[in-house]
Amino acid sequence: MIAKTFQGLEEVLAKELIELGANDVQIGRRMVSFTGDKAMMYKANFCLRTAIRILKPIKQFKASDADEIYNALKPFEWECYMDINTSFAVDSVVYSDDFRHSKFVAYKVKDAIADHFRDREGRRPSVEVANPDLLFHIHIADNQCTLSLDSSGESLHRRGYRQDAVAAPLNEVLAAGMILMTGWQGETDFIDPMCGSGTLPIEAALIARGIAPGVFRKEFAFEKWTDFDAELFDSIYNDDSTEREFTHHIYGYDNDWKAVNIAKANVRSAGMTKYIDIEHRELEDFTQPEAPAIMVTNPPYGERLKPDDLYDLYRLLGTRLKNAFQGNQAWIISYKEECFNKIGLKPSTIVPLFNGALPCELRKYELFSGRFSEFRESGEQLDKSDRPLKERRPLHLRQAAAEKSDKDEKAEKRDKLGFESREEEQAYQFRLERHNEFARLQQARERKEKRAAREEKEKNGADGFKRENKESRPFREKRDFKEKKDFKEKRDFKGPRDGKGFSGSRKSFGEKGRSFSKGNNRGGNFKKNNFNNKKGRS
């Protein structure tokens, strides 16, 4: 099986799988592969905190174009997984130069399934994007194709406890991964001074209590499979052997009353009001906690949330950490190097993460009273974890490298848009496809019109009259100017001020050194050079 996750959380997810009892755990890019039985698949969906979805591969093959995909999948034994009355949908992820359109790949898989049943039974199963009975996932890397069954359905980050959210909410999977990276398991109090909709406090409470994140979900995709074992899943759902007591407390603060009310509603929905306190509090009012505590927070980055002065916010955060959080640890995730610099503290650990498409860093700050030399003389040491060289590079350099590393244009667009569900991505792809199709039709129509105009012009003469009717064109009669009355008399030009007239042309008038008055409405003096250079006229 394959567990998908965000970039930077692969090692955390692998550790979760090992603790869960999975075998052959191998780390990949944004995914971790593992093996196990049906119970392991149920546990992975129900218990993993840092997994987005769990896939079960059912066929692997090679293909260099869409027709090869169709030919490889049409004779597949689809009856092992579905029948004519089973609705299905197909999702696709493509990293290949041979396949430019991931949606077209999904269409080909859908056609292969539909034609397979039509040839055998005379009719085809229905396709349902919103809530299908089976969800297939095809992944293409170069020419390697893997067809999988999606056992999760809706993304696992949608726990089910969130009633509402503020702008730019933190993803639940990323929040849980950040807390697990700190190593906190409920040994101390937990504080988030900018909690927003309360995602970090709620995920911290679930970790401290040992409650599985899937307990709030209404359903999983594997519950619609033909081989679903309801008794086995009920035993996993009702197993509370991992739950434990939490004797400390979790605090969430925010300076926005709307965010405070939303966070309180989400805490009530999760049933964690006993362990979580949400309060309205300004950051400058943050005081030293009475008991040892850990701080994990996600301040605004200035991308979607734009406070009045972003740098002042980070400068204030650093000030409060130095003055009111001594003897504790603080973990802060952010996107901009300039924001970290305003904190004014040196981190002991730097962990690169991705928040959607934004390359971020999770930095650990160990706060102590007095000077660092006195702290070191007392025998204490900062916890500096060994990091690879690429992780020590400045954040802006890693951001530039990350932008160049992903050559797949569609994957970059998908990450930038930051879809939270497959339905949002499919709706966007549908709109994009309609837009591109309209643009292609418009371009084809314009080319057709230009071609018709060019052919009509070639068929007709350059003057616009048909060549076959050229002889019948009505010409003006040629006039013979023999009599004096046929010629126009010369006009006498008078100046606007002196009223003096002159005969002849303007040129001869200029050659005599005479000119119109400067006050006329003809744009200046009519001198010889001006006439020759065509200047001075209006």
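Predicted model: local features only at pLDDT ≥ 70, side-chain atom pairs only at ≥ 80, totals over all residues.
Residues are numbered from 1 along each chain as its sequence is written, and side-chain values use heavy atoms, with hydrogens and water left out.

Ala175 sits in helix H5, residues 172-182. Helices (H or I, at least four residues) and strands (E, at least two) are DSSP runs, numbered from the N terminus. With a relative accessible area of 0%, Ala175 is buried; that word means under 20% relative accessible area, with exposed over 50% and partly exposed in between (1.4 Å probe, protein chains only). Asn298 lies 123 residues away along the chain, yet its C-alpha atom is separated from that of Ala175 by 9.0 Å.

Now turn to the sheet. Seven strands make an open sheet with mixed pairing, in the order E2-E3-E1-E4-E7-E6-E5; two strands pair if DSSP finds at least two bridges between them. Strands E2 (23-27) and E5 (88-95) are at the edges with a single partner strand each, so one side of each has no neighbour in the sheet. From one strand to the next, the twist averages 30°; axes are lines fitted to C-alpha atoms, for helices over the stretch in contact, and angles run from 0 to 180 degrees between N-to-C directions.

Within the sheet, E1 (residues 2-4) pairs with E4 (residues 53-62) in the antiparallel sense over three bridges. Lys4 has Arg53 in E4 as its bridge partner.
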